Amino acid sequence: MQGEDIWTYRRFEPGQTFGVVDIQMDPIKHANWQDIFGPSPEETLPRGMLVAAMMEAYIRAIQPRPKGNIHAAQTLDFTDHMPRWGDTISIAVSCQAKEEKKGRFWVDFGIRAAVEENRVLSGTIRSIWAQ
Amino acid sequence: MSFPATLKTLTLETSSATTQAYAALSHDYNPLHLDADFAATTAFGAPIAHGTMALNLLMQAISETFANQPIREHLDIRFSAPVKVGETILAGGERRAGEADIYDIWVRKPDGTTTLTGTLHIEAVS
């Protein structure tokens, strides 16, 4: 891994896009979810699973990254479309804003998740980037 | 549609096992959560639970409160204090005075420390 490949604060630009990550809500995820949060019926995907998928997309879309980034705040807007276990969630990740304040590197990442043409979640991850 | 005064309160005991499971679930293998040696070099001093694991406990509390009701949810939260792996957390919320559909939401430790705080706006779908 070359040092210059790491996503550092200076490389982010508002409006930048990082592509779309497709994540299947497969039986392994279902089992992991239930290990932590208890039973989850087949017919309804917990909205929290969309949050976990959002994090996976955000992490997979922006690599490699420095160690020690901090997730500081979050907005989430869920629609009334309810995905199911087994669906594939397509999640687009973008940079919305960046700001250096009091020596900390704040970056806002936009998230938009959909199942086929149906938007299920949008939101903003507000991070303190490590370097 | 009327909304209850409080959300159902849920509890989760965090542990290395739940942290490992959540790392696999979210693909978040940040060493802050999993590597005690790395975490010891940070301001946290020890591994901390994933913020969104706490958020998802709150999501579960919301889901159980409004089970089977068609709603849209809008959340605006911030993570206000870390949760060290091994600590217990509670998630819940109260409807704001004078508001029909806005809740003050939280995740706390048993000692009252707030680790996540924010607002939830519930929108009924007709």
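How many bridges join β2(A) to β2(B), and in which direction do the strands run? Five bridges join these two strands, which run antiparallel; helices (H or I, at least four residues) and strands (E, at least two) are DSSP runs, numbered from the N terminus. Two strands pair if DSSP finds at least two bridges between them.

The model is predicted: local features need pLDDT of at least 70, side-chain atom pairs count only at pLDDT 80 or more, and totals for chains, interfaces and linings use all residues. Residues are numbered from 1 along each chain as its sequence is written, chains are lettered from A and ligands numbered from 1 in the order in which they are written, and side-chain values use heavy atoms, with hydrogens and water left out.

**The interface between the chains**

- Chain B and chain A bury about 2,700 Å² between them, 63% of it on carbon and sulfur atoms; buried area is the accessible area (1.4 Å probe) that two parts lose on being put together, summed over both.
- B:L25, B:H27 and B:Q60 supply 22% of the area that chain B buries against chain A, more than any other three residues.
- The contact takes 31 residues from chain B and 29 residues from chain A, where contact means heavy atoms within 4.5 Å.
- Twelve residue pairs, both members at pLDDT 80 or more, are in polar contact between chain B and chain A. A polar contact is a pair of N or O atoms within 3.5 Å; within protein, one must be able to donate a hydrogen and the other to accept it, and residues adjacent in sequence count only if both atoms are side-chain atoms.
- On the side of chain B that touches chain A, α1 (16-26), α2 (31-34), α4 (51-65) and β2 (71-79) of chain B each supply at least two residues.
- The element that gives the most to this side is β2(B), with nine residues.
- Within the pairing of β2(A) with β2(B), A:A73 stands opposite B:R78.

**Strand pairing within chain A**

- Eight bridges join β2(A) to β5(A), and the two strands run antiparallel; A:D77 stands opposite A:S122 in β5(A).
- Strand β4 (residues 104-115) of chain A is joined to β5(A) by eleven bridges, again in an antiparallel arrangement.
- A:V115 has A:N118 in β5(A) as its bridge partner.
- β4(A) and β5(A) form a hairpin with two residues between them, and A:E116 in the turn has a positive phi of about 55°.
- Nine of the twelve residues of strand β5 (residues 118-129) of chain A are buried. Buried means under 20% relative accessible area, exposed over 50%, and partly exposed in between (1.4 Å probe, protein chains only).

**Selected buried residues of chain A**

- A:T79 lies in the loop between β2 (70-78) and β3 (88-101) of chain A, and counts as buried because its relative accessibility is 10%.
- The side chain of A:T79 reaches the backbone oxygen of A:R119 at 2.7 Å. Residues touched by A:T79 include A:R47, B:I71 and B:R72.
- A:M49, in helix α2 (residues 47-61) of chain A, is buried, with a relative accessible area of 0%. Its contacts beyond four places in sequence include A:W85 and B:L25.
- A:F37 lies in helix α1 (residues 27-37) of chain A and is buried at 13% relative accessibility. Among the residues in contact with A:F37 are B:L12, B:Y22 and B:Q60.

**Salt bridges**

- The whole structure holds ten salt bridges over all chains, a salt bridge being a side-chain nitrogen of Lys or Arg within 4 Å of a carboxyl oxygen of Asp or Glu.
- Two salt bridges are found across the interface of chain B and chain A.
- A:R47 forms a salt bridge with B:E73, the closest N and O atoms being 2.3 Å apart. A:R47 lies in helix α2 of chain A and B:E73 in strand β2 of chain B, so the pair joins two chains.
- A:R47 is buried at 8% relative accessible area, and B:E73 is buried at 1%.
- The side chains of A:D80 and B:R72 meet in a salt bridge (3.4 Å, N to O).
- Within chain A, A:R60 forms a salt bridge with A:E56, with the closest N and O atoms 2.8 Å apart. A:R60 is partly exposed at 39%, whereas A:E56 is buried at 5%.
- A:K29, A:E56 and A:R60 are linked in a network of salt bridges.
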